[in-house]
Amino acid sequence: KQWETEFLEKLADTDATFDPSIELPKTVFKSIMEAAFEYESTPEDFHFFTSNFEVGAREFIFRQAVNPLRKAFSFVIPEVWAARKCCSAMQDFAKKILMAYRENPNKSEHNTLIKAIENNHHDMPEQQKIAELLVLIFAGFDTTGCTLSNTLVLLAQHPNEMKDLQQSLLRDDSTQSHDHLKRVIAESQRLLPVGAIGSARLAGRDFIFDDEPSNRKVVIPKGATVILPQITAHRDEAVFEDAQQ
């Protein structure tokens, strides 16, 4: 709501434009910080976290997934050292959030995520609490922010669909309008999934498949890195009519 009144409504009175892929993740990050972790974040916090996350993710999620030798020879690769430094910086940021919660005299009465982490009944070590915080931040702000921004861009490219959604949301039937909105977001996730390249998995055993077009067997050996791009599956003409549309 704050973003709507302080940014979007003011922008609507001008001819200016904005990049939703930048603005929406920032807004979602701030919302998650406040609602889930009871932490008042600043634009500097967002820039600090995302810049460090980008460097760490580029190395440990992408480069080492396709080139395991980078891990074996990490001691001579400057980018790996830089990525480790960024991961340490993100851990320090999570510590700051945890300490701010502990020192907050006006904690929320609701069951926030940080309350669940701090007051768990499993004697969670401090380092694990920090890891849980980081995972929840990773999993929340970027995926949600990018999904919202992709949806806005696609609606702008399809004005008829946008008009139908607007009319649906203005109706008194909330069930129907919510269903319409969910279908729009689902289609947005199909066309432009956040994890478009999918995730890498290490095969735990040999897999053998029959490839009908070539009439031969395909073997995925144990220990192989396997990646299934979601965007390829989501645009499969055998499954979806007009899959590219």
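1. What share of the contacts in the protein chain with a separation of 6 or more comes from residues 24 or more positions apart? The share is 57%, where contact means heavy atoms within 4.5 Å.

2. This is a predicted model, in which local features need pLDDT of at least 70, side-chain atom pairs count only at pLDDT 80 or more, and totals for chains, interfaces and linings use all residues. Residues are numbered from 1 along each chain as its sequence is written, and side-chain values use heavy atoms, with hydrogens and water left out.

3. The mean pLDDT (the predictor's confidence in each residue, from 0 to 100) of the protein chain is 89. A value of 70 or more is reached by 100% of the residues. Helix 1 (residues 2-12) has the lowest confidence, with a mean of 80, and helix 5 the highest, at 95.

4. The protein chain holds 10 helices and 4 strands. Helices (H or I, at least four residues) and strands (E, at least two) are DSSP runs, numbered from the N terminus. The order of elements is α-α-α-α-α-α-α-α-α-β-β-β-β-α.

5. Along the principal axes, the C-alpha atoms fill a box of roughly 60 × 50 × 40 Å. Of the 245 residues, 29% count as buried; buried means under 20% relative accessible area, exposed over 50%, and partly exposed in between (1.4 Å probe, protein chains only).

6. Ala 100 lies in helix 5 (residues 78-103). Ala 100 counts as partly exposed because its relative accessibility is 28%. Val 153 is 53 residues from Ala 100 along the chain, and their C-alpha atoms are separated by 36 Å.
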